[in-house]
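Morning, everyone. I'll take one model today and walk through its sheets, a few local details and the chain contact. Please have the viewer open.

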Amino acid sequence: MRNLTVLASAFALVLACPLVNAQTPAAKSADTAAASAANGKRAFTSVGCVACHGAQGQGTAMGIQIAPPPFELPALITYVRQPTGKMPPFAPGAVSDQQLADIYAFLKSVAPPPSASETLTGNADNGKKLFAAYGCYECHGRQGAGASTGPRIGPPAITLAAVLRYVRAPTGQMPPYTTKVVSDQDLADIYTYLKSLPPPPPASSIPLLNQ
Amino acid sequence: MRKSKKDSVNRRDFLRAAAAGTAALVVHPAVAKAASPEQPRATGAPPLLKAQPDAPAGAEVVTVDRPGSDFMVDVLKTLNFEYLCANPGNSFRSLHESLINYGGNRTPEFITCCHEESSVAMGHGYAKIEGKPLLVCVHGTVGLQHASMAIYDAFCDRVPVYIVLGNFGDAAERFGQVDWTHSAQDPAAMIRDYVKWDDRPVSLQGFSESAVRAYKIATTPPMMPVALVADHELQEYAISDGANLSVPKLTMTSPPVGDSGAVAEIARLLVAAENPVLVTDRVARTPAGLAGLIELAETLQAPVVDRNGRMNFPTRHPLNHTERGGAAIANADVIAGLELTDFWSTVNSVGGQLNPVVRPSTKPGTKLVSITANELYMKSNYQDFQRYAAVDIAIAADAEATLPSLIEAVKRQITDDRKRTFQDRGAKLATAHQQAMQAQRETAASGWDATPISTARMSSEIWAQIKDEDWSLVSNCQFVSRWPLRLWDFNKHYHYIGGEGGYGVGYGLPAAVGAALANRKHGRLTVNIQNDGDLMFAPGVLWTAAHHRIPLLIVMHNNRAYHQELMQVQMMADRHNRGITNASIGSVLVDPPIDYSKLAQGMGVHAEGPISDPDDLAPAIRRAIAIVKGGDPALIDVLTQPR
């Protein structure tokens, strides 16, 4: 009979964490703290980030590429404290806000230069068609609202550049979409469509979610 | 084919003669010798057929006053089966007749099924609600092959189903081609790898003892299906006047309880731990299991991460940390796995694309302890036993039965200092639980007004209508992103029954009907969120529900696909780098779309739909619930997001 194993959503770690918009006071403080890429490099190893994300944050089979970081620093700190999917949580005792700021600086310093495709302009109407035709809906829902098989990606919480990187070399059960299958322009169109979607309403505004 | 009378005298001919009172005189010694071993096989003493009182001497005997199947009914009635689920088959025709006439079609009552897979899956769902098996009769060979997948599901799910197989064992007693094709030397061979025990008794007394033994074995943890062959000769020939038949007393076996020393050591680890976690899967077999787990968790102020194989722990309890299970496990220093199906995957994660890459999900040095009855009985061929988990303490025992002694051991070891620590921990855990619950609600809001309807919206609409009823959700939540478990208030043992066990498609609807059958006498509102692809395996059970007036609310999760497979094919298309627009070939259910409403109506079930506007859901659910409260099944076809 059929294998009904649920597709793991390891890529939920980055693509659309609902927590990324939150900003704690500690995060705000860290945002303005002087960050040291050199310290960050050491912390990146000592804390254990390298185990899943590689020595240069380039990504491995266990963790996505995070150089350059897909989030702004405050969102990154929030996510690291309370991640989703298979990413383990790191309490302030394990890695401080300052250390995360240093790691953030390190990841920015080792990031490859942006490619031309990262500045592409997309077409939302075409992106909507491609979103269905290319099967993105299968895991992420027909409006990108997310499910147990894939996180919410409408609207996306990360940059087009991060999407382009991730889709070409994903981790977990997210399949790879090469340029032979989906062009950068197609992805830019899909991204633009997803960007055009409204954010979800707060749960407090929906009576059925407060019963 | 039967042998020629010229070549030999078969057993039936011999018995006819015996019944006429002339056997001793006319039967050739060689024939008598050949027939003699057969006598105890059937009843213990001749004659097996009795003469008609009004028949002239020498006339063929064509009736049986008291067939062996009557005695089988006597035996089965001592096991107190409420229901018999079966699709009729001639290999158990005599037993069928005895059940409905001699047995009065009561305990068990015959439930007409349209497929043997439905019969067994109904028994699967029924047992998880009722805590005991029902009886399933299966036609030899062909019926058993239909039933086999459902038997495998029940086996993997550790659920007792009591199966009686018809068979024509004696080749000389088969009437024709069909009897031959419905016969086997060893009928249970094909399912032996996934039943706990089977037997093919060759006498009625043997049947009696094996029947009682089978019941004990099936219902002793780890519970599993059992199969008993009822040969047609045993069923159809008369019980001899002198037969000394009896039914042995059924004494239920106490479930295995953990060794006291090992239990005390687990208690010591849990009490001393700073961050203990209880991970559960099939712990609560009864309401006592649910209560025991609550007491253990509260005594320790330890979080529970529930794999939801059963209704183990209330979803809104502040110590339920299922929705932040990854974080809880990553932070744990002691993890107690209670009836875990897959301990290894609880403490390891697998990444990678082409090849699995394994990483521990726990901190170095985390102690792992296990209590499970699975270690008491394991088979080798089918690999449902999962990857080997290297734990520090392993207790081969039933976790529910071991909970009282574990709780006592924990209480004995708790000092006042530890109590204060536990209270502090409990307060933090309660906060984290609330945050996790709020995160679920925020996630549920995503796509709230979408069309097709989001599974979160559908689940919330159902909950709004049933939350003040005495309800029971009897379908696996996995395929609707677990939304009911993330949003509803589950707190009674019948609020949830887990899933298939073996992930075999076709379980959903018949298991739900079986569970609803068990819930019927309790007056519970039974709810089934039904996958479309699953329903199409054996939709005839809709008729069974209508025919037997089994009240059940069926809400279709109709994503018009075998969606898991659609995703898998998509993944392969990506991996093979061959384009991604053909992945739907072979795995979607469109062109034409299936009208489940008409399908259900055609089988006598109230039905509405398809519904694609989320605002139309609530009134449709209300109408359907009114039907269900009136004692009938009702179906609502809902067009949904994929998951």
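What is the strand order in the open sheet of 6 strands in chain B? The order is 2-1-3-4-6-5, and the pairing is parallel. Before I go on, the ground rules. This is a predicted model, so to speak: local features need pLDDT of at least 70, side-chain atom pairs count only at pLDDT 80 or more, and totals for chains, interfaces and linings use all residues. Residues are numbered from 1 along each chain as its sequence is written, chains are lettered from A and ligands numbered from 1 in the order written, and side-chain values use heavy atoms, leaving out hydrogens and water.Now some terms. Helices (H or I, at least four residues) and strands (E, at least two) are DSSP runs, numbered from the N terminus. Two strands pair if DSSP finds at least two bridges between them.

Back to the 6-stranded sheet of chain B. Which strands stand at its edges? They are strand 2 (109-112) and strand 5 (197-199) of chain B. Each has a single partner strand, so one side of each lacks a neighbour in the sheet. From one strand to the next, the twist averages 25 degrees. Angles here run from 0 to 180 degrees between N-to-C directions, and axes are lines fitted to C-alpha atoms, for helices over the stretch in contact.

Strand 5 of chain B pairs with strand 6 (residues 226-231) of chain B in the parallel sense, over 3 bridges. Asp199(B) sits opposite Leu228(B) in strand 6 of chain B.

Now the strand 2 end. Asn105(B) is in the loop between helix 6 (93-102) and strand 2 of chain B. Its phi is positive, about 55 degrees, although Asn105(B) is not a glycine. Most residues other than glycine have a negative phi.

His115(B) lies in the loop between strand 2 and helix 7 (116-130) of chain B. What does its side chain touch? The side chain of His115(B) makes a polar contact with that of His146(B), at 3.2 Å. A polar contact is a pair of N or O atoms within 3.5 Å; within protein, one must be able to donate a hydrogen and the other to accept it, and residues adjacent in sequence count only if both atoms are side-chain atoms. Setting aside neighbours within four places in sequence, His115(B) is in contact (heavy atoms within 4.5 Å) with Asn87(B), His146(B) and Ala538(B).

Next, another sheet in chain B. This open sheet has 5 strands in the order 14-15-16-18-17, with parallel pairing. Strand 14 (471-473) and strand 17 (606-611) of chain B stand at its edges. Each has a single partner strand, so one side of each is left without a neighbour. The twist averages 15 degrees from one strand to the next.

Inside that sheet, strand 15 (residues 525-531) and strand 16 (residues 553-558) of chain B run parallel, joined by 5 bridges. Gln530(B) stands opposite Met556(B) in strand 16 of chain B. Helix 20 (residues 508-520) of chain B packs on the sheet, touching strand 14, strand 15 and strand 16 of chain B. Its direction makes about 180 degrees with that of strand 15 of chain B. Helix 25 (residues 617-629) of chain B lies across strand 15, strand 16, strand 17 and strand 18 (634-639) of chain B. Helix 25 runs at about 160 degrees to strand 18 of chain B.

On to salt bridges. The rule asks for a side-chain nitrogen of Lys or Arg within 4 Å of a carboxyl oxygen of Asp or Glu. How many does the structure hold over all chains? The count is 28. One of them joins Asp417(B) to Arg420(B), with the closest N and O atoms 2.3 Å apart. These two are 3 residues apart in helix 17 (residues 416-444) of chain B, so about one helical turn separates them.

Two peptide bonds deserve a look. Thr451(B) to Pro452(B) is cis, with omega near -5 degrees. Pro452(B) lies in the loop between helix 17 and helix 18 (455-466) of chain B. Gly154(A) to Pro155(A) is also cis, with omega near -10 degrees.

Last, the chain contact. Chain A contributes 47 residues and chain B 53 residues. Across the interface of chain A and chain B there are 0 salt bridges. There are 12 residue pairs in polar contact, both at pLDDT 80 or more. Questions, please.
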